[in-house]
Amino acid sequence: MLNILARSGGWLFGFLMVFVSSCPAAATTAGQVTTGAAGHPWWFWPIILFFFCLVLGILAVMAGVGGGVLYVPLVSGFFPFHIDFVRGVGLMVALAGALAAGPGLLRRNLANLRLALPVALIASTCSILGAMLGLYLSSLNPNIIQACLGMTIVGIAMLLLFSKNTEKPVVTKQDAIGLALGLTGAYWDDGARESVEWKTHRTLLGLCLFILVGLLAGMFGLGAGWANVPVLNLLMGVPLKVSVATSKFLLSITDTSAAWIYMNRGCVIPLIGVPSIVGLMLGSLIGVKILAVAKPKMIRYIVIAVLFFAGLKAIDKGFGLGLLG
Amino acid sequence: MNTQNKQALKPSREQIIYANLLIIGVWAGIFTLVTTYAIYLVGILPPHIDISAIPQVWGKGVSEFLEITHSPHGWGWLPLLVKGDFLNYIGFVLLALMTIVCYLVLVRGYIRQKNWIFAVIAFLEIVVLSVAASGILGSGGH
């Protein structure tokens with residue numbers, strides 16, 4: 001039953017995408033939307049946005065990606081809101097999701113505070129710089145941000161498609177920085193019925209990469225789970241479960257600093273923000289229930305394909321080519 | 001499994017405190033968001049920006065939006081809390097403040113343990129988040 005629901009979720013998502021993109025206001029570029037909802041009453045887009053985010057939340061959980069990374073390219077591509085507001089709300093969406101997930105992950109010792117703290121300090125500082133840079137570029141010309149966002153999204157889609165994470169990386173010797181910071185831990189693996197101990201290596205390089213991760217997260221209003229996990233897992237040698245959980249927890253810190261910059265600039269409109277946050281959180285809760293019994297791999301590929309399309313659409317919009325409508 | 005191993009599997013005391021604070025704050029934030037949004041939509045408090053006019057300006061850049069709607073930036077929304085739309089900011093701010101509150105507890109814990117490295121890291125994070133929240137950086141909208 002839930003398998004059918006999961007599959008129909010993909011179709012529903014496709015239907016919503018087609019519906020939204022067929023609405024007149026969505027077909028125009030953000031800067032051109034001056035007549036409001038193109039004949040629609042004020043409540044039309046918030047309601048559509050709520051259901052869109054609800055389905056997005058379900059699919060994000062099933063595809064194993066964060067809500068923020070789907071929200072920004074899709075909503076900026078198919079809804080009539082300016083990219084400034086989409087990025088501001090995108091960060092609030094990612095923040096709310098990460099904050100809600102944090103307590104459970106910390107209690108189960110999957111998200112590791114010692115690992116998260118140094119990384120978060122670097123990423124959150126850089127996400128402030130990213131947010132300021134993003135807002136500056138957007139004030140010069142929003143198309144610059146659209147094009148850069150598009151290229152980043154295409155890159156993320158490729159990363160999701162090709163990167164092969166390692167369940168339990170082998171770290172023979174911990175490096176000096178990892179040792180000094182005490183970046184070690186253990187967790188209970190339910191599947192293997194064993195405790196798994198871990199430690200980090202290549203810690204300095206990993207920490208340096210979080211400069212870039214923070215910049216991108218702040219600049220585009222994306223949650224950065226797509227980048228956190230490969231750096232923690234593939235580079236620093238943290239087990240996949242701990243990487244995913246610590247990454248989710250990290251977002252609650254990284255996105256907070258960038259979200260404040262956008263909020264202080266006035267980029268969070270309640271009429272757009274609340275339906276997005278509530279829709280995505282409800283969707284995530286439903287998604288977790290479905291995921292417990294159904295694991296349709298196809299959903300992940302659909303989401304990656306949608307990301308490719310959204311990225312290309314943003315590039316198209318940014319360069320004003322008009323090839324994708 | 002030996003005692004040391006068992007101990008390593010347990011989350012630290014700070015992690016548990018952090019988690020407990022977070023869960024209260026998050027759900028308080030979400031509840032506030034939903035409640036204030038209902039107040040806004042029902043029109044119990046008049047909004048600063050006419051709700052039916054928002055679709056005409058949400059396609060514009062943020063600077064233009066603020067100028068047209070005479071909306072404040074930074075913490076300028078505080079005096080407008082009696083307006084239905086700005087009332088929603090309580091929920092947003094509650095969510096965005098949670099990490100700072102949790103970190104305050106962490107700093108205290110690390111100082112007690114004399115774990116100076118992590119006490120400094122946590123303190124610096126509070127400084128970074130507080131600077132971001134203060135509106136000193138990048139709140140010049142017009």
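Predicted model: local features only at pLDDT ≥ 70, side-chain atom pairs only at ≥ 80, totals over all residues.
**Stop 1: chain A**

Select chain A. It holds 13 helices and two strands. Of its 325 residues, 61% are buried. Now turn to contacts between residues at least 6 apart in sequence. In chain A, 83% of these join residues at least 24 apart.

**Stop 2: chain B**

Select chain B. Seven helices and zero strands are found here. The order along the sequence reads α-α-α-α-α-α-α. The radius of gyration of chain B is 20 Å, well over the 14 Å from the globule rule for 142 residues, so the chain is more spread out than a compact globule. The C-alpha trace of chain B spans about 65 × 30 × 25 Å along them.

Colour chain B by burial. Buried residues account for 38% of its 142 residues. Take contacts in chain B between residues at least 6 apart in sequence: 71% of them link residues at least 24 apart.

**Stop 3: where the chains touch**

Show both chains. In chain B, 58 residues are in contact with 67 residues of chain A. Six helices of chain B each supply at least two residues to the side that touches chain A: α1 (3-9), α2 (13-42), α3 (54-57), α4 (62-69), α6 (89-112) and α7 (116-134). Which helix gives the most to that side of chain B? It is α2(B), with 13 residues. Colour this side by residue class. It divides into 36 nonpolar, 17 polar and five charged residues.

**Stop 4: a helix pair across the chains**

Select residues 240-265 of chain A, which form helix α11. Angles under 35 degrees count as roughly parallel, so α11(A) is roughly parallel to α7(B).

Show the side chains at the contact:

- From α11(A): A:Ile253, A:Thr256, A:Ser257, A:Trp260 and A:Ile261.
- From α7(B): B:Glu125, B:Val128, B:Leu129, B:Ala132 and B:Ala133.

By class, this contact has seven nonpolar, two polar and one charged residues.

**Stop 5: the largest nonpolar core**

Select A:Met92 and A:Leu95. The largest nonpolar core has 148 residues, and these two touch the most other members.

Keep A:Leu95 in focus. Leave aside its neighbours within four places in sequence. Its contacts in chain A are then A:Ser252, A:Asp255, A:Thr256 and A:Ala259. Its contacts in chain B are B:Leu95 and B:Ala96. A:Thr256 is also a residue of the α11(A) contact with α7(B).

**Stop 6: B:Val101**

Go to B:Val101, in helix α6 of chain B. Is this residue buried, exposed or partly exposed? It counts as partly exposed, because 15 C-beta neighbours lie inside 10 Å. Buried would need 20 or more.

B:Val101 is in contact with both, leaving aside neighbours within four places in sequence. Then pick B:Ile126. B:Val101 and B:Ile126 are 25 residues apart in sequence, and their C-alpha atoms are 8.8 Å apart.

**Stop 7: two positive phi values**

Check the backbone at A:Arg202. Its phi is positive, about 50°, although this residue is not a glycine. A:Arg202 sits in the loop between β2 (194-199) and α9 (203-220) of chain A. With 18 other C-beta atoms within 10 Å, A:Arg202 is partly exposed.

Move to B:His70. What is its phi? The value is near 55°, again positive in a residue other than glycine. B:His70 is in the loop between α4 and α5 (84-87) of chain B. It is exposed, with 8 other C-beta atoms within 10 Å.

**Stop 8**

Finish at B:Ile136, in the segment after α7 of chain B. B:Ile136 counts as exposed, because it has 11 C-beta neighbours inside 10 Å.

Conventions: Residues numbered from 1 in each chain as written. Chains lettered and ligands numbered in written order. Helix = DSSP H or I, 4+ residues; strand = E, 2+ residues; numbered from the N terminus. Rg over C-alpha atoms; globule rule 2.2 N^0.38 Å. Buried ≥ 20, exposed ≤ 12 C-beta atoms within 10 Å, placed from the backbone. Contact = placed C-beta atoms within 7 Å. Nonpolar A, V, L, I, M, F, W, Y, C, P; charged D, E, K, R; others polar. Core = buried A, V, L, I, M, F, W, Y, C linked by C-beta atoms within 7 Å. Axes fitted to C-alpha atoms, helices over the stretch in contact; angles between N-to-C directions. Parallel < 35°, antiparallel > 145°, perpendicular 65-115°, else oblique.
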